[in-house]
Amino acid sequence: MLLVPISLPIFTPVNATVDSNGNWDWAAFQHLLPRDVLAHIAIIMPTYLLDIPDKPGCGDDNIWKLIHKSRTLLRTKSFLWLVCKNRVLTNAERLRHHIANTTECACCGARVEDLDHLLRQCPFAREVWEPLIRLYKVGEFFETPTPVWIKWNLQNPSYFANVQADWDIKFGAILWNLWRFRNRRVFDPDDVQLESVESCSQRIVGVVCRAASQSSLGESSVIEQRARSIVWKPSAPDKVKLNIDGACRLSDGVASCGGVFRDSNGAWVAGFSKYVGRCSALEAEFWAVFEGLQCAWQLGHRRVLVESDCWA
Ligand SMILES: [Zn+2]
């Protein structure tokens with residue numbers, strides 16, 4: 001066992017290990033931890049940057065365990081966790097971070113688009129939920145506080161849902177699709193939605209159930225492989241296009257990410273690559289998006305089309 005002298009007080013807040021630029025102050029603690037732990041820390045955004053109060057633990061462990069164990073896609077689990085932590089960038093949150101000039105809902109024009117409005121109270125969301133909820137539970141469904149609402153739906157499908165089979169999967173898929181559809185409406189209003197939130201969510205239920213049954217049969221591929229033709233298309237003249245990718249090495253989880261900027265003629269503008277740390281391929285993809293947008297900002301590009309090959 002290697003013993004090292006501890007130079008930090010036991011109750012040092014995380015903020016004390018972040019420098020004035022919002023980056024980890026590695027010199028303050030890298031000599032105290034093994035390399036693989038440092039690689040895990042490297043993929044975590046320092047608290048200073050995110051403006052999150054420093055507190056021990058990760059809050060309600062039970063809800064996290066419930067989300068983690070739920071039978072749904074990884075992206076949906078991540079989104080449910082963000083919902084429980086109130087970390088979804090609705091217009092109310094975007095205004096608070098000075099990245100929007102209104103709190104209005106882009107779907108219905110309501111004065112404040114917060115999480116509760118986005119996922120339940122917006123007429124667009126109510127229209128999705130109401131046919132799926134027991135008539136005498138509708139009032140309770142729309143009024144229960146959000147973390148408890150998520151907990152009950154994942155834990156006890158018979159409580160709210162008309163059809164209880166696979167409700168845990170469908171519930172998460174609907175939340176995720178409400179957010180996805182909202183983003184398309186806000187950021188790409190010309191894109192016509194051919195599929196409803198309900199049918200899109202039902203399709204996810206089918207994919208997850210099929211994957212689970214294939215997995216239980218021992219088949220190697222759990223997700224249906226679809227043939228895709230990939231053709232790179234340039235962005236509109238007023239935008240640059242950023243193609244990003246993130247990957248991790250299966251043997252030890254070491255991950256990196258990178259991206260390329262091209263203008264509307266397809267000409268090279270800039271590129272970047274970065275060692276991320278130790279994480280999943282999905283987390284590496286997120287880092288690629290983050291680093292790419294930071295680069296775009298520094299280069300003076302304000303209209304950026306980000307493209308990834310990630311299907312998660
Ligand atoms: Zn609305």
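This is a predicted model: local features need pLDDT of at least 70, side-chain atom pairs count only at pLDDT 80 or more; totals for chains, interfaces and linings use all residues.
Helix α5 spans residues 74–84 and packs with helix α11, residues 167–187, their axes coming within 9 Å and crossing at roughly 75 degrees. Since angles of 65 to 115 degrees count as roughly perpendicular, α5 and α11 are therefore roughly perpendicular to each other. On the α5 side, the contact is formed by Arg75, Thr76, Phe79, Leu80 and Val83; α11 contributes Gly172, Ala173, Leu175, Trp176 and Trp179. By class, seven of the residues in this contact of α5 with α11 are nonpolar, two are polar and one is charged.

Helix α5 also meets helix α10, which comprises residues 146–155. The axes of α5 and α10 come within 9 Å and cross at roughly 145 degrees. Here Leu80, Val83 and Cys84 of α5 are in contact with Thr146, Pro147 and Ile150 of α10. Five nonpolar residues and one polar residue make up the contact of α5 with α10, and no charged residues take part.

Ala92 lies in helix α6, residues 91–96. With 22 other C-beta atoms within 10 Å, Ala92 is buried, because the criterion for a buried residue is 20 or more. Leaving aside residues up to four places away in sequence, Ala92 touches Thr103, Val112, Glu113 and Asp114.

Definitions and conventions: Residues are numbered from 1 along each chain as its sequence is written. Axes are lines fitted to C-alpha atoms, for helices over the stretch in contact, and angles run from 0 to 180 degrees between N-to-C directions. Helices (H or I, at least four residues) and strands (E, at least two) are DSSP runs, numbered from the N terminus. Angles under 35 degrees count as roughly parallel, over 145 as roughly antiparallel, 65 to 115 as roughly perpendicular and the rest as oblique. Two residues are in contact if their C-beta atoms, placed from the backbone, lie within 7 Å. Ala, Val, Leu, Ile, Met, Phe, Trp, Tyr, Cys and Pro count as nonpolar, Asp, Glu, Lys and Arg as charged, and the others, Gly among them, as polar. A residue is buried if 20 or more other C-beta atoms lie within 10 Å of its own, exposed if 12 or fewer, and partly exposed in between; C-beta atoms are placed from the backbone.
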